[in-house]
Amino acid sequence: MVLEMKNIQKSFGDLEVLKDISVSVDEGEVVSVIGPSGSGKSTLLRCATFLETIDSGEISYLDEPAVTTNAEGRAEYVSPAEMRKAKQHFGLVFQNFNLFPHYSVRKNIMDAPLNVQKRDKAEVEAECEELLKKMDLVHRADAYPCQLSGGQQQRVAIARALAMNPNILFFDEPTSALDPELTGEVLKVIRQLAEEKMTMVVVTHEMPFARSVSNRVIFMDGGVIVEQGDPEEVFGNPQQERTKQFLRNYQQT
């Protein structure tokens, strides 16, 4: 199992955003997380990647605990050194790209493997060239983010995440800032990664994509998992009334 989250609880002040949520992801699995805005989808991802601290629960990567719950019922995080190790297991692609604006495409991709992972420069350069080819960005390697389209920027962001050789990739609404044409080129890359059995969790509003690419779909609402299962079952024959309502409303928009 690549990721296991158990009994995750997270509040912002009096607002309970995640209510006792448990999620696990196996190697090679693509899990799409769908649901209305404010359902807790992005917060779940931010907790999984330690951008938010949980109130209680457990988070493990490759069976190595990163967060446990102590005797007082509060979340307890591992030491900074162990946390650095845990962070090596995942990559995160944001909806707004989050590239370094003063770095070229090539430097954006190579920076973390060189400076965080301290890897061999020749090896990192070779991997970078492969990623540039894979993302169809060879001709833009020396460009800066401001010179790229949104779709190209997002493909750089995906390449940058892959350059760390993560065990799992998280996508937080990777196409929400893009127009339909650019959305297609980014979804094509994610689809290709799925075919290569990259382990992924994708928070998305792209329902046809979630249905066709995922091994499992999770529908969240109000901070809980309402329904999850095989994409054809969740989309074609949802069991919960709330899921039916959401998908009905979605098809009407």
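Which residues of strand E7 (residues 90–93) are buried on one side, and which on the other? Phe90 and Leu92 are buried on one side, Gly91 and Val93 on the other, and both faces of E7 are covered. Buried here means under 20% relative accessible area with a 1.4 Å probe, protein chains only. Strands (E, at least two residues) and helices (H or I, at least four) are DSSP runs, numbered from the N terminus.

This is a predicted model: local features need pLDDT of at least 70, side-chain atom pairs count only at pLDDT 80 or more, and totals for linings use all residues. Residues are numbered from 1 along each chain, and side-chain values use heavy atoms, without hydrogens and water.

E7 also has a partner: it pairs with strand E8 (residues 168–172) in the parallel sense over 4 bridges, where pairing takes at least two DSSP bridges. Within this pair, Gly91 stands opposite Leu169 in E8.

Now to the pockets. A pocket is an open set of points on a 1 Å grid where a 1.4 Å probe fits, with protein on both sides within 12 Å along at least five of seven lines; lining residues have an atom within 4 Å of a point.

| Pocket | Volume | Lining residues |
|---|---|---|
| Largest | about 570 Å³ | 20 residues |

Nearest the centre of the largest pocket lie Lys87, Phe90, Gly91, Leu92 and Met164.

Finally, Gln152 lies in helix H5 (residues 150–162) and counts as buried because its relative accessibility is 15%.

Technical notes
Buried < 20%, exposed > 50% of the residue type's maximum accessible area, 1.4 Å probe, protein only. Points joined across faces, edges and corners; volume = space filled by probe spheres on them.
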